[in-house]
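Please walk through the side-chain interactions of this structure, with attention to charged and aromatic residues.

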Amino acid sequence: MTGAPFGDNWIDVAEHPLPVSEALEWAVVPACGAVVVFCGTVRDHSKGRPGVTSVEYEAYPEHVGPRVATVADAARRRWDTLGRLAILHRVGCLAVGEVSVVVVASAPHRSEAFEAARFCIDSVKVSVPIWKRESWAGGSDWGLCAHDIVDGGDLGAVAFPDDLGAPPISTQAAP
């Protein structure tokens, strides 16, 4: 991936630390009064795996970029007032506390910015082929939170979790 914004979208998969501050600054535009930043970080535990020390993310960038672009396009169809949108994901070995994913959404109002950012991170989790291998005190293995990947073309049907009053996120397998 290029690592640089293209138009009003910034999509990247990178082996280097993610530029959170730069993404925030880039997303601020005069027409938007709200910017939401979401950062996912490596935590020190996982279900049945206390003492996680690191997570290694693997991906095929040639597949990830187009899938993330599909997520950005779907967000823009849902919230046509979105200003700038950054979806950045890290690959490689990350220590506890390091940022693994960043979503930044700007919009004229906070509700659209929050909803779009949540949609983007939830959609990335179900539609982008990125795998994680956890290392902890008892060993090393692939993450237990794996799920079927939703085909990028099905993102129109992907919705927020039940707690936001919408249908659950689809977990259909990709064809």
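**Charged and aromatic side chains**

The side chains of R90 and E98 are joined by a polar contact of 3.0 Å. This is a predicted model. R90 is part of strand β6, and its relative accessibility is 7%, so R90 counts as buried. Beyond its neighbours within four places in sequence, R90 is in contact with A14, E15, H16, P17, L18, Y57, E98, V99 and S100.

Salt bridges come next. Six of them are found in a search of the whole structure. One is formed by the side chains of E134 and R49, at 2.5 Å from N to O. This pair links distant parts of the chain, since E134 is in strand β9 (residues 130-136) and R49 in strand β4 (residues 49-50), 85 residues apart. E134 has a relative accessible area of 3% and is therefore buried. R49 also counts as buried, because its relative accessibility is 6%.

R49 has a further salt-bridge partner in D141, with the closest N and O atoms 4.0 Å apart. Because R49 lies in strand β4 and D141 in strand β10 (residues 139-142), this pair ties together parts that are 92 residues apart in sequence. D141 has a relative accessibility of 35% and so counts as partly exposed. E134, for its part, also meets K132 in a salt bridge, at 3.8 Å from N to O. Both residues of that pair, E134 and K132, are buried.

A search of the whole structure gives three aromatic pairs. In one of them, the rings of W10 and W26 have centres 5.6 Å apart and planes at 80 degrees, so the pair is edge-to-face. W10 belongs to strand β1 (residues 9-14) and W26 to helix α1 (residues 20-27), so the pair ties together parts that are 16 residues apart in sequence. W10 and W26 are both buried.

W79 and F119 form another edge-to-face aromatic pair, at 5.6 Å centre to centre and with 65 degrees between the planes. W79 is in the loop between α2 (61-78) and β6 (85-90), while F119 is in helix α3 (residues 110-127), so this pair ties together parts that are 40 residues apart in sequence. W79 and F119 are both buried.

A charged residue and an aromatic ring also meet: R133 lies over the face of W142, at 5.2 Å from the ring centre.

Note on methods. Residues are numbered from 1 along each chain as its sequence is written. This is a predicted model: local features need pLDDT of at least 70, side-chain atom pairs count only at pLDDT 80 or more; totals for chains, interfaces and linings use all residues. Side-chain values use heavy atoms; hydrogens and water are left out. Rings of Phe, Tyr and Trp (its six-membered ring) pair if their centres lie within 6.5 Å; planes under 30 degrees apart count as stacked, over 60 as edge-to-face and the rest as tilted. Helices (H or I, at least four residues) and strands (E, at least two) are DSSP runs, numbered from the N terminus. Buried means under 20% relative accessible area, exposed over 50%, partly exposed in between (1.4 Å probe, protein chains only). A charge sits over a ring if NZ of Lys or CZ of Arg is within 6 Å of the ring centre and within 35 degrees of the ring normal. A polar contact is a pair of N or O atoms within 3.5 Å; within protein, one must be able to donate a hydrogen and the other to accept it, and residues adjacent in sequence count only if both atoms are side-chain atoms. Contact means heavy atoms within 4.5 Å.
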